[in-house]
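Student: I am new to this structure. Can you take me through it step by step?

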Amino acid sequence: MSIIGATTGELLSRLERGELTSVELTTAYLDRIAQQDDRVSAFLTVNTAEALQQAADVDRRRQAKQPVGLLAGIPVAIKDVLCTKGLKTTCASRMLANFIPPYDAHVITQLRNADAVLIGKTNMDEFAMGSTTETSAFKITRNPWDLDRTPGGSSGGSAAAVAAGMSPLALGTDTGGSIRQPAGFCSVVGMKPTYGRVSRFGMVAYGSSLDQIGPFANDVNGAALLAQVIAGHDGRDSTSVNAPVPAYSQTVNQPLAGLRVGIAKEHFVEGLNPEVEQTLRTALQVYKSLGAEIKEVSLPHTSYGVAVYYLIAPSEASSNLARYDGVHYGHRAEQFSNMIDMYATSRGEGFGSEVKRRIMLGTYALSAGYYDAYYLKALKVRRLIRQDYDKAFEQIDVLASPASPNPPSKVGEYSANPLAMYLEDIYTIGANLAGLPGISVPAGFTEAGLPVGLQLLAAPFEEEKLLRAARMYELATKWQGQRAAL
Amino acid sequence: MDYTTIIGLEVHVQLQTNTKIFCGCSTKFNPDNPNVQTCPVCLGLPGSLPVMNRHAFDLAVKTATAINCQIARFTKWDRKQYYYPDLPKGYQISQYDLPFSHDGWLEIVINKETGEKKKIGIIRAHLEEDAGKNTHDETGRGHDSQVDLNRAGTPLLEIVSHPDLRSAQEAKEYLEELKLLLTYLEVSDCNMQEGSLRCDANVNVHIHRDGQKIATPLVEIKNLNSFRNVELAIEFEADRQYRQWQQDGMTFGAVLKETRGYDAVRNITVAQRTKENASDYRYFPDPDLVPVTIEEAYLQNVIDSMVEFPAARRTRFIQQYQLSNYDAAVIIDQGVVFANFVEHVAKICGDGKQACNWVTQDVLREMNDRKLTIEGFPIQPPVLGEILKRVNDKKITIKSGREIFLNLLNSEDLSTISVARIDQIIQEQGLSIVADSGQLEAVIVGVLAKNAKAVADFKGGKQSAVGSLIGQAMKEMKGADPATVRELLLKKLAE
């Protein structure tokens, strides 16, 4: 049985049975990265030495029959927006090209406590701004299913790493769909937990009221296990919610009786690719055959979602990124004439064009005289969107939709038209605006062989239900077993 | 020159917490070791997040309650955005449109003799984080500026007054009363040298001309680092505005608010260059912090645990201890420790007025002469109270009391100062008042018998002869009250 492509559960049981060591397993993934990543470009940093050391340490403890964590010896790839102590964390930006954090993000501490192996840092859109992983200052990540296409974004590196068999698990972050959309594009499982479920401490902020860290895996069980490890209260994040974390991995295989699957009529709009729509309808048939009830609901404010998101996220970003001023750390221009020029030149050189575009959008929206018309209005509509979902979830357990209206784009397709790229976020941003958990599971392929994802959303803190519903679908379909042929 | 000066003050007070407002770093004043009291949060490193220090919030609510502010039931944090090297995140976490408190007042005494008071309105008090400190090369050689972030994130309470102050003197009184209150509340040490209390003054003048009132443009004076400088700067600025108006006739609203710095060496205010884009801070709610809701029980607890305010204590002292406005102010204005000292002494000796007199005269004089603080004064209330108690109980005379007081104060070994030592001195020096008039009479009769010449001199009209007689009687009975001795002696002589 191959190591590459195996699920997390399979790998763990082989490790536990002593058929495999973590060093062997980690070496296999490191070899895979060495062989394939020059084509995929999923990684920015491969943490070879430390990963092998962690693996050897787990092996030693396992052999000595000492207690080990939930992810003992399993490699996890980390989106380069999550701070790793002593390991470069760049946010795929020239601004932080040499930034080495003096501390671990909360989720990294959780991974270390679970004895996971930190295999490397993955590529992303610069500061998580983008939907294609093309705005990275360092490299363009390719979709393992079609190297001419993007893996989606902004967590494209993490999605591609799992899809290409370079890591069984990965962490991403999701501000407007940045986990679920690339998961769909790469035919892997990706989940965004409820806002507040996972501590944001040590995640470099993009849109603080929307950002959430979540798992990628090649099956729902792997995602459940990784979600369980990273979730939980952390006193260092004031928005982290103090509620017990259910053992997702224990319940994920239990099917849900009387499941009510919702679809929103506002989701069937112009611009939805017919093959993607057909994939969704087929998925609904699968649920029906499993005994679920399909219900149509209404989310009347759906059409405002993109506009609201592209006011709130850039506004917060314009403020969050003000700290990159070249004074204390990060890129500082070599030449400048005075203090203001030092700021302007350092930031001008350090940020790429998509980041600059969003900083300008946000700065404008927060300016005196515009604040009420843009930011404040957006907050009000955000509340209405949240109410739409609250009402919908009184009638349904999960809401099904495509993860994205179209299959993965070609590299460079959106470079001249960022607005078209923004509109692709229509299905995913609602969950961020409303703070809901959402998951994307592989749901098939277009005729051209491009992956399509099924997105399920649930009410706040209903991750357990979400994972079980996703697992029901996964077990009833053949998509999970398919691997990109590189 | 007929104008009225109109002043509003913005006071920034560092709250006395052990740790910073949004992280666990120490708030200790430590200018000699820059950037040692820092962490990812107050350095603004990527991914760091603020967590509110509850104690800072408690102190802020306590202060706002004490200055009679309305406490909001819902308050939130906002980001005030501007670029400056001492501001590591590119924004300051502050409070914009929903400060935790608003609409209060502070009463100041504008005449110490009459005790006449005036209420100064408070617009709002809000919490924010302090910035770091920039040090610029002043040699003129163009070296790099340096940034120390030890102070960054220290909790700061900003108290904004209405423009109710009408003279530099009133502004100084307001600051002194506010400082006194804050130190009574133990919410800040208000050390201006260390920057724990900072003040900006908004000043203009109303010129009275032909029954009209003409207002000059508003000026904000910064860099005021002592109460004296606040007073001097306002006096200078009011006069400058009047002269400026005579020259250009500019009135309020004709130009934007100007920022001027006070130059203490030359005693002038100087126009400052405005900060780049300072007009638009792009305030918005900080998404990293949750809003704070305040419950009635919490507020009641703040009110219930409040100490007596200086103003209330002043009034009480006047009534309870029959003090003048002036004397009461002298005690209260020395600070809470001093006032507590007085009350402690009063409680032991049972005579408030006596305690006040002693502490404000004898103790204060010796403190000043010996350069001591009230905390470090060698004779603390338990001992001083017992000395005065003996005076009150007529066991010793006031004069003996002072002798014992000085005797103790001059002890070679200060640790020997105790109540037991008081009685020992009384014993050793025979300071006990002889209350038994029979015994005293016997002594006097004896003295008269032994000094027939002096008696004869006195009876012959030489008044001064009585002095030596009293002296001798006192010598034989150390603790005797001189007045009593004199009275009894004259009575005997008259017989």
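What follows is a set of questions and answers on a predicted model.

Student: Which domains does the assignment give for chain B?
Tutor: The model is predicted. The assignment of chain B starts with domain 1 at 3-297. Then come domain 2 (308-429) and domain 3 (437-494).

Student: How many Å separate the centres of domain 1 of chain B and domain 2 of chain B?
Tutor: Take the centres over C-alpha atoms. For domain 1 of chain B and domain 2 of chain B, the separation is 38 Å.

Student: Which residues of domain 1 of chain B lose the most area to domain 2 of chain B?
Tutor: Begin with the contacts: 13 residues of domain 1 of chain B meet 15 residues of domain 2 of chain B. The two domains bury about 1,100 Å² between them, with 62% of it on carbon and sulfur atoms. On the side of domain 1 of chain B, three residues together make up 52% of what is buried. They are B:K112, B:L180 and B:Y184.

Student: Which helix gives the most to the side of domain 1 of chain B that touches domain 2 of chain B?
Tutor: Across this interface the rule finds four residue pairs in polar contact. The leading helix of domain 1 of chain B gives six residues to the side that touches domain 2 of chain B. It spans residues 168-185 and is helix 3 of chain B.

Student: How do the residues on that side of domain 1 of chain B divide by class?
Tutor: Sort the side of domain 1 of chain B that touches domain 2 of chain B by class.

Student: How far apart are the closest N and O atoms of B:E177 and B:R314?
Tutor: The rule finds two salt bridges across the interface of domain 1 of chain B and domain 2 of chain B. B:E177 and B:R314 form a salt bridge. Their closest N and O atoms are apart by 2.9 Å.

Student: How many salt bridges does a search of the whole structure find?
Tutor: Now take the search over all chains. The number of salt bridges found is 60.

Student: Is A:E354 buried or exposed?
Tutor: A:E354 forms a salt bridge with A:R357, with the closest N and O atoms 2.7 Å apart. Both lie in helix 12 of chain A, three residues apart, about one turn of the helix. A:R357 is partly exposed at 31% relative accessible area. A:E354 has a relative accessible area of 5%, so A:E354 is buried.

Student: How many residues apart are B:R73 and B:E296?
Tutor: The side chains of B:R73 and B:E296 meet in a salt bridge of 2.6 Å, N to O. B:R73 sits in the loop between strand 2 and strand 3 of chain B, while B:E296 is in helix 5 of chain B. The pair links distant parts of the chain, and the residues are apart by 223 residues.

Student: Why does the pair of B:D130 and B:R198 tie together separate parts of the sequence?
Tutor: B:D130 forms a salt bridge with B:R198, the closest N and O atoms being 2.8 Å apart. B:D130 lies in the loop between strand 7 and strand 8 of chain B, and B:R198 lies in strand 11 of chain B, so the pair ties together parts that are 68 residues apart in sequence.

Student: Is B:D130 buried or exposed?
Tutor: B:R198 has a relative accessible area of 22%, so B:R198 is partly exposed. B:D130 has 5% relative accessibility, so B:D130 counts as buried.

Student: Which residues of chain A lose the most area to chain B?
Tutor: Here 40 residues of chain A are in contact with 32 residues of chain B. The area buried between the chains is about 2,800 Å², and carbon and sulfur atoms give 59% of it. Three residues of chain A together give 22% of what that side buries. They are A:S238, A:R323 and A:H328.

Student: Which residue of chain A meets B:D288 in a salt bridge?
Tutor: The count between chain A and chain B is one salt bridge. The N to O distance between the side chain of B:D288 and its partner is 3.2 Å. That partner is A:R200.

Student: Which helix of chain A gives the largest share of the side that touches chain B?
Tutor: Between chain A and chain B, 18 residue pairs are in polar contact. Helix 10 (305-320) and helix 11 (339-350) of chain A each supply at least two residues of the side that touches chain B. The largest share is five residues, and it comes from helix 10 of chain A.

How values were computed: Residues are numbered from 1 along each chain as its sequence is written. Chains are lettered from A and ligands numbered from 1 in the order in which they are written. This is a predicted model: local features need pLDDT of at least 70, side-chain atom pairs count only at pLDDT 80 or more; totals for chains, interfaces and linings use all residues. Side-chain values use heavy atoms; hydrogens and water are left out. Domain bounds come from an automatic or database domain assignment. Contact means heavy atoms within 4.5 Å. Buried area is the accessible area (1.4 Å probe) that two parts lose on being put together, summed over both. A salt bridge is a side-chain nitrogen of Lys or Arg within 4 Å of a carboxyl oxygen of Asp or Glu. A polar contact is a pair of N or O atoms within 3.5 Å; within protein, one must be able to donate a hydrogen and the other to accept it, and residues adjacent in sequence count only if both atoms are side-chain atoms. Helices (H or I, at least four residues) and strands (E, at least two) are DSSP runs, numbered from the N terminus. Ala, Val, Leu, Ile, Met, Phe, Trp, Tyr, Cys and Pro count as nonpolar, Asp, Glu, Lys and Arg as charged, and the others, Gly among them, as polar. Buried means under 20% relative accessible area, exposed over 50%, partly exposed in between (1.4 Å probe, protein chains only).
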